[in-house]
Amino acid sequence: MKALVYQGPGKKEWVEKAKPVIEKPTDVIVRITKTTICGTDLHILKGDVPTVTPGRTIGHEGVGVVEAVGNAVANFKPGDAVLISCITSCGKCDNCKRGLYAHCADGGWQLGHLIDGTQAEYVRIPHGDNSLYPIPAGVDEEALVMLSDIMPTGFEIGVQYGRVKPGDTIAIVGAGPVGMSVLLTAQFYSPARIIMVDMDPARLELAKQFGATDGVQVGAVDPVAAILEMTGGRGVDVAIEAVGVPATFDICQKIVAAGGNIANVGVHGKSVELHVEELWIKNINISMGLVSTNTTPMLLKTLGTGKVDPAKLVTHRFRLDEMLQAYEVFGNAAREKAMKVILSA
Ligand code: ZN
Ligand code: ZN
C-alpha cells in the first residue's frame with residue numbers, strides 16, 4: 001500500500017509500504033476512505049516533534065471501512081464504516097474511566113506519532129472498540145473527518161475548558177482550522193460576542209461567515225488596544241489561544257477580564273512569559289491540555305441537526321495519491337487560501 005512517511009527533518013515521501021496486520025486481539029485494520037492533514041503534521045515534518053522517528057507514517061485523522069478485526073473486538077465487523085479518533089484509548093484504565101482518554105495508560109496520541117497513522121491506504125487502530133466510532137447513516141463524510149481531531153479539540157480544550165457561557169464576550173486568537181472549530185462549537189452556548197483575531201483578512205472574513213461578530217486584524221491594528229476599546233476597557237470573559245506562540249498567549253493574558261478564563265489550545269514549542277504580577281488580582285483561570293475526544297459521540301449527534309456544519313472548513317479536495325500536492329497547498333495555507341484539505345481514496 002502507499003503511505004506518507006516522515007524521513008527526518010524536512011523530508012517526507014509517498015512510499016510503498018507493507019499493509020498493516022492485526023497484532024493484538026483488540027486491533028482493527030481500517031481501509032482509509034478519507035483523510036486530511038493537520039498543522040501538527042507540518043510540525044512533525046519540520047522535526048519539531050522528536051518522538052516521531054524516521055520511517056513513521058503520519059496522520060491522525062480520517063474515516064474508513066473496517067477491513068479486519070482482532071478476536072477481542074466486539075463493536076465492529078468487516079465492512080463497517082467508521083470514524084477514527086486521533087486519540088487511542090483502551091476504555092478500561094483509570095484515566096479512560098474518567099473520560100481522560102488523552103492519558104490512557106495504553107493509548108493517548110499514538111496515531112501518526114508513536115505508531116503508523118492515517119495518511120495511508122490502510123491503518124491499524126489499537127483498542128478499536130473504544131478508538132473508533134460507527135458512522136451514522138447519511139452523515140457527510142467530509143464533515144466527519146473534522147471530528148477526528150479539530151472539532152473535539154476546539155470544543156473540549158477551547159470551549160469547555162474556557163467555560164464559555166450564554167451572553168459571554170469571547171475572543172479567539174488564531175483563525176486556523178482549530179480556531180474555526182472553537183468558533184463553530186462555542187455557538188452551542190450562545191456567547192453574545194465572538195471576536196476573532198488573526199493576521200489574515202481572508203480568514204477573518206470567513207470567520208464572520210461562520211458566526212464571528214467582530215474581526216481584529218493583527219498587523220493592521222494593535223489587537224490588545226482594539227479589544228479593550230471594543231469592550232469598554234473590561235476585556236473578554238474568555239480568551240482562547242489557538243496558535244501556539246508566545247505572542248498570541250500574551251494577547252490572551254492582556255485581554256482577559258476579571259473573573260475570566262484563558263483557554264490555551266495551541267501547541268507550544270517555547271515557554272511563554274506569564275504575567276502573574278498582573279493576573280493574580282484578576283481572579284482568572286488558565287487551562288490547557290490535549291484533546292480526549294470524549295465529546296465525539298455528542299458532536300456526532302449534533303451533525304445531523306444542521307446547527308453546526310464542520311464540512312464548511314474544507315477548502316481543497318485531492319485524491320489520496322495526490323498526497324504531496326495536498327501538502328504543498330496546506331503548507332502554504334495563506335497563499336492558497338486553504339483551511340482544511342480532504343484526500344479521498
Ligand atoms: Zn491534528
Ligand atoms: Zn485507557
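Here are some questions and answers about the fold of this predicted model.

Residues are numbered from 1 along each chain as its sequence is written, while chains are lettered from A and ligands numbered from 1 in written order. Because the model is predicted, local features need pLDDT of at least 70 and side-chain atom pairs count only at pLDDT 80 or more, whereas totals for chains, interfaces and linings use all residues.

Q: How many helices and strands does the protein chain have?
A: Let's count DSSP runs, numbered from the N terminus: helices are H or I with at least four residues, and strands are E with at least two. For the protein chain, that gives 13 helices and 16 strands.

Q: What share of the 345 residues counts as buried?
A: A residue is buried if 20 or more other C-beta atoms, placed from the backbone, lie within 10 Å of its own. Of the 345 residues in the protein chain, the buried share is 48%.

Q: Which residues touch the most other members of the largest nonpolar core?
A: A nonpolar core is a set of buried Ala, Val, Leu, Ile, Met, Phe, Trp, Tyr and Cys residues joined through C-beta atoms within 7 Å. The largest one has 97 residues, and those touching the most other members are A171, I172 and I240.

Q: Which helix gives this core its largest share?
A: Nonpolar side chains tend to be buried together in soluble globular proteins. Here the largest share is 6 residues, and it comes from residues 177-186, helix α6.

Q: How many Å separate the centres of domain 1 and domain 2?
A: An automatic or database assignment sets the domain bounds. Domain 1 covers 2-149 + 292-344, and domain 2 covers 151-288. Taken over C-alpha atoms, their centres are separated by 27 Å.

Key:
Buried ≥ 20, exposed ≤ 12 C-beta atoms within 10 Å, placed from the backbone.
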